[in-house]
Amino acid sequence: KMTQQMRDLQLAQARKPPGPSSPNAAKRLYRNLSGKFRVNYTSFDEGSLAGRGEKEKLRKSYLFQSNAALFEAVELQDLDRVQELLKQYSPEELDLNTPNSEGLLPLDIAIMTNNAPIAKALLQAGAKESPHFVSLESRSLHLSTLVREAEQRVNELTAQVVNEAPNTDCSEKEKQLRAWEWRYRLYKRMKAGFEHARVPDAPANVHLSVASSSSVLVTFWEPLSVNSAVVTKYKVEWSCSPTFSPPLGEAVIDKLKNLHFTIRGLVSGTAYYVQVSAYNMKGWGPPQASVPPFAIPSNWREYDGRAPRRRGQAEALDHLLGQVKTVHQHCVCHEPCKNQPQSRKHSVSKSLKHLFHPGSKFLKTLKRGLYLTAIFYKDDNILVTHEDQIPVVEIDDTYSCLLMQDFLWFTKVSCMWDEILWLRQCVTVSQSSCSCILQTRFKMLLAISQMQGLLGIQDLGQVFFEPVKDKQGNILIVTLKEVKTNQTFESVRWVPICKLQTSRKSVSSPDEPTALDTLLISIQDKLAYHQRSSHALSSGLYLGYLKLCSAVDQIRVLVPERLPNILCHVKIRSNPNISREEWEWLQKMASVEEPVPAEPEAETSQNYLLQELQVAIKELMALVNIPLQEAKDFRLYSQEVLDFGGQVSFLLLLPPSDDVCTAPGQNNPYTPRSGFLTLPLQIFELGEEG
């Protein structure tokens, strides 16, 4: 049944393009066709085709040619061409798992010729082995049939070439003979590869860890031996018994891009044993037990029954905000203030009139005061006014209050861009002792509304972590937002950043640039900061370093420039979960006053964590330029594991208590290398929440 197609090879070849006359001819064939493969068939003029049916036929023709080219590339062991086709077409378009007329798939040819690089590329693309090969005997029989019938065809063509007089037909027969001789050699090589192959060795570095209270994670490597055939799948088995009798479950992994598997639905507190085995065309190899040999699903919170810190907090805050809004709908501050002095009322009405007057527009130059500027960018372009200026509106032209308090308040307002109108209604401007602060903040809200109205957009983006100042008394609060789509705005247009920087004429001296000139000079750095601050860490457990420094009006935290929304850190491992046993061991370490307690037993999760921590601490100390001998006075924060969304968790490394925060004027003997900056603590908290 399996070889019935081969009995009439001429008929089979009528359905499939004839084999190439030689390897070089085959290579020329699909490389010449490759130019046609790249044609976008959807770009043809609809009128030039008979209709959708003819267009679909043309599309299928190109895909058929690409499938043939893939087979040829695998047979010729052309890795570059295989990768090119896999990148250019989807597995469905290539018919990656549809057998050819010989009952073979591209992956069959790759593994039976023992071409590991091509086989791995095909496996990662989702290639499978032929379903015809249900046993070793069926594969062996099929290969023997292919070799025998190819040999028979070679003999027939040889006899025809020898017996016939030279003519055009004879020349064509010689080409067919060379093609079949080449295919005969290919089938013999495949048959020899199968016969000499053996089952794979056991997978290497099978590591077991606790992923949660109901799951464990097993990771492994390919078998170290390179003599066996290509591994095409793995089997993970688990049991509550070290003898795996009875087994509890198994899973076959045939997607080999990442060699790991999470076993879910387990019982917390129960020990589970795991082993992994590999499979190739000769069958399953021996299983390899994991290290450690078992794992107990758990989480560090089970140590003392602690609930997640943030559970219900977002809902509670939303509820609280709703209550505040309800109260303010009927409060006196929501209505116009009738008892304000005439001068104050006139000032407020003037501001409101200016806001809604048709003449409201962006500023071209700065006078002494406080201003708001919004930077919207997309790729290498930035939004500017029709006068080629960065959008700027005035907040206060007589600003003299303490800036840092107002600036930090503004950063919190940036979390509520859609609520500015409501916030304006709730801010009461009075003549109390703190009226200066309230007046400034009310003007900030007015400026935000004006910027939103002029741009026609509510969300002004993220506030840059420090204002831009100049010696003339100007202060710029900068917001940054990346535009992902082709969005249009009112009163502004897109221009390349480099064009804006070169065309702007400075109105200040190089020694004393204005805040706008300073902003324009440093705009690339600010955009880079904004992009880096939105990056997220990959899943895993990290070791973070907490270092603060205080000033008169603020506390700042040390962060890396490449990821300013996260503390200085290094990755400990890819598994973010800390098990109950690991946390219990860390608690014992923290309670021991003398340096190092006895090391945990070998081949336990605690011992692996100790080794991972030792490596991470060395790497972190080198990163922040602290001599390793000083680390003996450092300590791990043992109150909790910092959890960020379940996929990222942190252990904190703290300096001695007297050195956690450097006071003003205090000398810090260990200055981090370049690549770090200090952010105001409130700004860092906003970035971390985002």
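**A walk through the model**

Lysine 188 sits in helix 9, which covers residues 168-196; helices (H or I, at least four residues) and strands (E, at least two) are DSSP runs, numbered from the N terminus. This is a predicted model, where local features need pLDDT of at least 70, side-chain atom pairs count only at pLDDT 80 or more, and totals for chains, interfaces and linings use all residues. Residues are numbered from 1 along each chain as its sequence is written, and side-chain values use heavy atoms, with hydrogens and water left out.

Lysine 188 has a relative accessible area of 41%, so it is partly exposed (buried means under 20%, exposed over 50%, partly exposed in between, with a 1.4 Å probe and protein chains only). From lysine 188 to alanine 150 is 38 residues in sequence and 9.5 Å in space, C-alpha to C-alpha.

Now turn to helix 7, residues 116-124, whose buried residues are Ile118, Ala119, Ala121, Leu122 and Leu123. Asparagine 115 caps the N-terminal end of helix 7, with a side-chain oxygen 3.2 Å from the backbone nitrogen of isoleucine 118. After helix 7 comes glycine 126, with a positive phi near 100°.

Next, find lysine 481 in strand 14, residues 474-482. Leaving aside residues up to four places away in sequence, lysine 481 touches Ile375, Phe376, Tyr377, Asp459, Leu460, Gly461 and His530 (contact means heavy atoms within 4.5 Å).

How many disulfides does the structure hold? There are zero, a disulfide being a pair of cysteine sulfur atoms within 2.5 Å. The sulfur of cysteine 549 has its closest cysteine sulfur in cysteine 661, 6.9 Å away, which is too far for a bond.

How values were computed. A polar contact is a pair of N or O atoms within 3.5 Å; within protein, one must be able to donate a hydrogen and the other to accept it, and residues adjacent in sequence count only if both atoms are side-chain atoms.
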